[in-house]
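Here is a short report to read beside the model. Keep the sequence and the 3D view open as you go.

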Amino acid sequence: ICFTFNGTTSGVRVPDGCDWIADDRTGLTLCDATSAVFAMNMPWEKLDVTTYSWQKVLGGEGAHGMLILSPRAVERLETYTPENRPLPKIFRLAKKGKIEAGIFKGATINTPSMMAVEDYIDALAWAESVGGNDGLIKISNNNLAVVEKFVAENEWIDFLAKDPAVRSNTSVCLTLDLSPEQIKAFVALLEKENVAL
């Protein structure tokens, strides 16, 4: 199964638990969790290959991807070698039937910006200071609650995702029940107030 945990352009997310993924599956799950990690409860027991990037939830520099492998994914890397499928060196995670552990212990396969690495370390230290992963999830949910309260108090605005169980707390998408003229005036006001361009 290959899926995105959080739909940034639709305002929806996978419901808590990922109960639709079988515990006794024989295949692997591949999950793009870019704007979900550090903001949502991740059901790690259901996720075999998970990717995310620094620049999303923790606000770091772009172009730095992270890879999290479950024991099942590591076993697959160590036991399966496809025929006639050469991989560029940068994508090789196993060598001679064993995982390249150095990649997960600080060795690099490409040269990252050390300033970006330091920025990420600083972001992780801040995350720890606000309660770690649980604290970050709480902050994200509290931010969504502010928007939910505003939507509940104003009949001209609503969530694109009607079901709160699948509503994203990081990629909020709203709909406006306004005429084209009202939307133009609304956009102009946002620009005038330097809120949005």
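## The model

This is a predicted model: local features need pLDDT of at least 70, side-chain atom pairs count only at pLDDT 80 or more, and totals for chains, interfaces and linings use all residues. Residues are numbered from 1 along each chain as its sequence is written, and side-chain values use heavy atoms, with hydrogens and water left out.

## The sheet

An open sheet is built from 4 strands. Their order is E1-E4-E5-E6, and the pairing is mixed. Strand E1 (2-4) and strand E6 (65-69) stand at the edges. Each has a single partner strand, so one side of each lacks a neighbour in the sheet. Neighbouring strands here are turned by 20° against each other on average, direction ignored. Such angles run from 0 to 180 degrees between N-to-C directions, with axes fitted as lines to C-alpha atoms, for helices over the stretch in contact.

Helices (H or I, at least four residues) and strands (E, at least two) are DSSP runs, numbered from the N terminus. Two strands pair if DSSP finds at least two bridges between them. E5 and E6 run antiparallel and are joined by 5 bridges. Thr50 has Ile68 in E6 as its bridge partner. Strands of a sheet pair through backbone hydrogen bonds, either parallel or antiparallel.

## Salt bridges

How many salt bridges does a search of the whole structure find? There are 7. The term means a side-chain nitrogen of Lys or Arg within 4 Å of a carboxyl oxygen of Asp or Glu. Side chains of opposite charge can pair when their charged atoms come close.

One of the salt bridges joins Arg25 and Asp48, at 3.2 Å from N to O. Arg25 lies in the loop between strand E3 (12-13) and strand E4 (30-32), and Asp48 in the loop between E4 and strand E5 (49-53), so the pair ties together parts that are 23 residues apart in sequence. Arg25 counts as buried, at 13% relative accessibility. Asp48 is also buried, at 1%. Buried means under 20% relative accessible area, exposed over 50%, and partly exposed in between (1.4 Å probe, protein chains only).

Asp48 also meets Arg72 in a salt bridge, again 3.2 Å from N to O. This pair links distant parts of the chain, since Arg72 sits in helix H1 (residues 71-79), 24 residues apart from Asp48. Arg72 is partly exposed at 28%.

Lys162 and Asp158 form another salt bridge, at 2.8 Å from N to O. Lys162 is exposed, at 54%. Asp158 is partly exposed, at 32%. Shared partners join Arg25, Asp48 and Arg72 into one network of salt bridges.

## Two positive phi angles

Most residues other than glycine have a negative phi. Cys18 is not a glycine, yet its phi is positive, about 50°. Cys18 lies in the loop between E3 and E4 and is buried, with a relative accessible area of 0%.

Phe38 is not a glycine either, and has a positive phi of about 80°. Phe38 lies in the loop between E4 and E5. Phe38 is buried, at 17%.

## A nonpolar surface patch

Which residues form a nonpolar patch on the surface? They are Trp126, Val130 and Ile139, with about 240 Å² of accessible area together. Patches are made of residues with over 30% relative accessible area and no salt bridge; like charges are joined within 9 Å, nonpolar side chains (Val, Leu, Ile, Met, Phe, Trp, Tyr) within 5 Å. Accessible areas come from the Shrake-Rupley method with a 1.4 Å probe, and for residues only the protein chains shown count as cover.

Val130 is in the loop between helix H2 (114-129) and helix H3 (132-153). Val130 counts as partly exposed, at 30% relative accessibility.
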